[in-house]
Amino acid sequence: MAKIFQATHVGKVRNNNEDSLIVIEPETFVVADGMGGASAGEVASQMLVETVKDFLTKAARPYDEKILAQAILLANDKILNTARQHEEYLGMGTTATILSLDGGQGYFAHVGDSRIYLLRNNIFKQITEDHSYVETLVRRGELTAEEARVHPMKNVLTQAVGAMTNIYVDQASFPVESGDVFLLCTDGLTNMIDDELILQIIKTAENPADALIDAALNAGGRDNVSVIVAGVD
Ligand code: CA
């Protein structure tokens, strides 16, 4: 069993928290970062986590990457249909990042710029790819990762759940090792503090989720911030 910590915070600037997160027992983790006017972002991210939870509860385990991707595609349809029926929700969308651990295997499905990181053998790295305009530039070698973090267009996503009919869900499966630590987070964490500080906190904090939120708030807390940390025994 993994040791799990989770936390979310509205931050110091925004009035509402458009992030949603959920831990589906025993070891499936979802973070979603909603976007859209008024309360639409909250609606989109909430619909995402609820749809995924309902879908997985009825699915057979393991929740492999194909099942996780199906759940995201179902949420995409639901959010799109809701937006079409309610003018105030037009243009809403959300990121969707899901990790499931089962029987020594890990599975993920992912859309948007929320992230999964893996700490293994003292190496800490992002295992998802951001679906963002600046990430496209980084991959082309036109921006460094550090420049991307403070770029004025860093919030522009190349795809989001519920915002377009056709989305491509990144998906993968991989062996999990004893001692692995996974971090799922929204960009309210990674835009405020760098990977080095995140790593230091994960390695030393008694409650890494609360400590990561505190660090993002201390750095300005300009966005909603959500984290799930899961350490494998
Ligand atoms: Ca955000």
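Visitor: Across which strands does helix 7 lie?

Guide: In this predicted model, helix 7 lies across strand 1, strand 10 and strand 11. The helix runs at about 30° to strand 1.

Visitor: In what order do the five strands of the open sheet come?

Guide: Let us take the general idea before the case. Strands of a sheet pair through backbone hydrogen bonds, either parallel or antiparallel. Here the order is 1-11-10-7-8, and the pairing is antiparallel. Strand 1 and strand 8 (123-126) are the edge strands, for each pairs on one side only. On average, neighbouring strands of this sheet are turned by 15° against each other, direction ignored.

Visitor: How many bridges join strand 10 and strand 11?

Guide: Strand 10 (residues 181-185) pairs with strand 11 over five bridges, in the antiparallel sense. One may look at F182, whose bridge partner in strand 11 is A230.

Visitor: Are D187 and D223 buried or exposed?

Guide: A residue counts as buried when its relative accessible area is under 20%. D187 is buried because its value is 5%, and D223 is buried as well, with 13%.

Visitor: Where is E18 placed, and what does it touch?

Guide: E18 is in the loop between strand 1 (2-9) and strand 2 (19-24). With a relative accessible area of 9%, E18 is buried. Its contacts beyond four places in sequence include D33, G34, S45 and N224. E18 and D33 are 15 residues apart in sequence, and their C-alpha atoms are 6.1 Å apart in space.

Visitor: How much space lies in the largest pocket, and which residues lie nearest its centre?

Guide: Again, the general idea comes before the case. Rolling a probe the size of a water molecule over the atoms shows where empty space is left. The largest pocket holds about 430 Å³ of space. Its lining has 23 residues, and R115, Q126, D130, A145 and R149 lie nearest the centre. Strand 7 (115-120), helix 3 (133-139), helix 4 (145-149) and helix 5 each supply at least two residues of that lining.

Note on methods
Residues are numbered from 1 along each chain as its sequence is written. This is a predicted model: local features need pLDDT of at least 70, side-chain atom pairs count only at pLDDT 80 or more; totals for chains, interfaces and linings use all residues. Side-chain values use heavy atoms; hydrogens and water are left out. Helices (H or I, at least four residues) and strands (E, at least two) are DSSP runs, numbered from the N terminus. Buried means under 20% relative accessible area, exposed over 50%, partly exposed in between (1.4 Å probe, protein chains only). Contact means heavy atoms within 4.5 Å. Two strands pair if DSSP finds at least two bridges between them. Axes are lines fitted to C-alpha atoms, for helices over the stretch in contact, and angles run from 0 to 180 degrees between N-to-C directions. On a 1 Å grid over the protein atoms alone, a cavity is a set of points where a 1.4 Å probe fits but cannot get out, and a pocket is an open set with protein on both sides within 12 Å along at least five of seven lines; lining residues have an atom within 4 Å of a point. Grid points are joined across faces, edges and corners, and a volume is the space filled by probe spheres set on the points.
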